[in-house]
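Here are some exercises to work through with the sequence and the 3D view side by side. Try each task yourself before you read its solution.

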Amino acid sequence: MKVRYFNKKRECISRKELKELQFGRLKYVLEKVYNNVPLYRQKFDKEGIKPKDIKKLSDLAKLPFTTKDDLRKAFPYGLFAEPLKRVVRVHSSSGTTGLPTVVGYTKNDIKTWSELTARVLTAGGLTNEDIVQIAFGYSLFTGAFGMHYGAERVGATVIPISSGNTQRQVLTMRDFKTTALICTPSYALQIYDTSVEMGIEFKKLGLKLGFFGAEPWSESMRKEIEEKMGIFATDNYGLSEVIGPGFSGECIFKRGLHIWEDHFIAEIVDTENFGVLPEGEKGELVVTSLTKEALPVIRYRTKDLTVINHEKCECGRTMARMERVKGRSDDMLIIKGVNVFPSQIEDVVFSIAGVQHQYQLIVDKKGRLDFLELQIEINNEIYDNPKKKQELFKTIKERLLAVLGLSPEITLLRQDSLPKVEGKAKRVIDKRQKD
Ligand code: DLL
């Protein structure tokens, strides 16, 4: 496959020039958040630091972190650095408790976003001759819209099919002659399995490229996808708070995900003392956005664990690469692409009368897809009364669906069925294989 760039001048910028560009942009964004966003001003003032005290890039480490909790507290628009009349779009993702986090984009942000996803797609081999099937859900989730703009910006033909209706995905691929698929890696395999059930030979469909992200996956899963589906599959990463997809993506050499450093500064910090780690060490990814207008983020703690490398890549790109994200420093689960915190589930179920305080969450695969089961103890009196038990079951199911946007399997248990824990309760049992 040929090395291609969407914006060669930028993607192959010299490190020296890049640092100058980053510093100029950093100064601007720091002034902007200090003047426009009360939370940033308070945080900076608390540390006794002003934007003008940042005299070189490494001074960034003096600034306080921003967290998902800050976004949640500012729900919905409190961290926006622009008046709402300049904001043309909002998206949203789960928060650590009931409240989701809301992210916003100005017209320029949408332009930047489309360039960055266009870079990811071009780096992974997409051209204007491709026909792209976007099988992420078009919703408050950033995945579908972000990749959609990028694919159009490349000039490819976009099929905005959204997620679900898997047989239709296969038929659309066949009839519309799809050459590139964009979705979560687990959904890609589900589409493949469905084609097998339908008696359709997948490799004859003509699909060539897969751009997968939004959830952790492994090299062995990539191998399986590539072999079974006969495609070239790359990983891309991002998060709503930072922009959505378009933060980083693999090139055709698949040796780490290129971070678009002209728009973001990436740091890796120690998960215990939060100090900045030297290149090559594994820690939590912390991101500062340099060009976002509506929702700039300063030292945003992603909780995703990775390693960064600044060596020039074989493709000629000079921008840093991050290793594939293997885990998180918190307990967030990603179930069918939906971010779920065990604490959200706990908040919901503990507020329902008749529920005991012993529960377990089992995460596993059902076929290709993630599957979440809540096993929870309830009062024996309700357990022994089929009508009341059914009512309680329904209440738990409905409330969880309303809060999580996802409905786990629910198993109600008699009191004292789950093993008693001594010390820290292990609430989550994750049986999905990892490598
Ligand atoms: O998942 C943005 C996205 C959409 C990325 C489409 C790529 C493709 P959120 O819903 O806010 O945004 O979830 C962000 O998902 O902090 C990671 O834990 C996880 N994640 C995203 N991409 C990857 C990946 C989108 N390639 C959270 N590998 C992040 C591992 C990923 N984890």
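A residue is near a molecule if one of its heavy atoms lies within 4 Å of it. This is a predicted model, where local features need pLDDT of at least 70, side-chain atom pairs count only at pLDDT 80 or more, and totals for chains, interfaces and linings use all residues. Residues are numbered from 1 along each chain as its sequence is written, and side-chain values use heavy atoms, with hydrogens and water left out.

**Exercise 1. The ligand and its shell**

Find out how many residues surround the ligand, and which are the closest.

Solution. Step 1: the ligand is surrounded by 23 residues, and the closest are Ala214, Asp235, Asn236, Ser240 and Asp304.

Step 1: sort the shell by residue type. It holds 10 nonpolar, nine polar and four charged residues. Here Ala, Val, Leu, Ile, Met, Phe, Trp, Tyr, Cys and Pro count as nonpolar, Asp, Glu, Lys and Arg as charged, and the others, Gly among them, as polar.

Step 2: look for polar contacts (pairs of N or O atoms within 3.5 Å; within protein, one must be able to donate a hydrogen and the other to accept it, and residues adjacent in sequence count only if both atoms are side-chain atoms). A backbone N or O atom of Ala214 is 3.0 Å from a ligand nitrogen, and a polar backbone atom of Glu215 is 3.2 Å from a nitrogen atom of the ligand. Asn339 uses a polar side-chain atom, which lies 3.1 Å from an oxygen atom of the ligand.

Step 3: check the cover. On its own the ligand has 600 Å² of accessible area (Shrake-Rupley method, 1.4 Å probe; for residues, only the protein chains shown count as cover), and the protein covers 98% of it.

Step 4: see which elements take part. Helices (H or I, at least four residues) and strands (E, at least two) are DSSP runs, numbered from the N terminus. Two or more shell residues come from each of α6 (142-154), β7 (232-239) and β8 (244-250). With five residues, β7 gives the most.

**Exercise 2. An arginine in a loop**

Decide whether Arg317 is buried or exposed, and trace its polar contacts.

Solution. Step 1: Arg317 sits in the loop between β13 (308-309) and β14 (321-322).

Step 1: Arg317 counts as buried because its relative accessibility is 1%.

Step 2: its side chain reaches the backbone oxygen of Arg4 at 2.6 Å. The side chains of Arg317 and Glu11 are joined by a polar contact of 2.7 Å.

Technical notes: Buried < 20%, exposed > 50% of the residue type's maximum accessible area, 1.4 Å probe, protein only.
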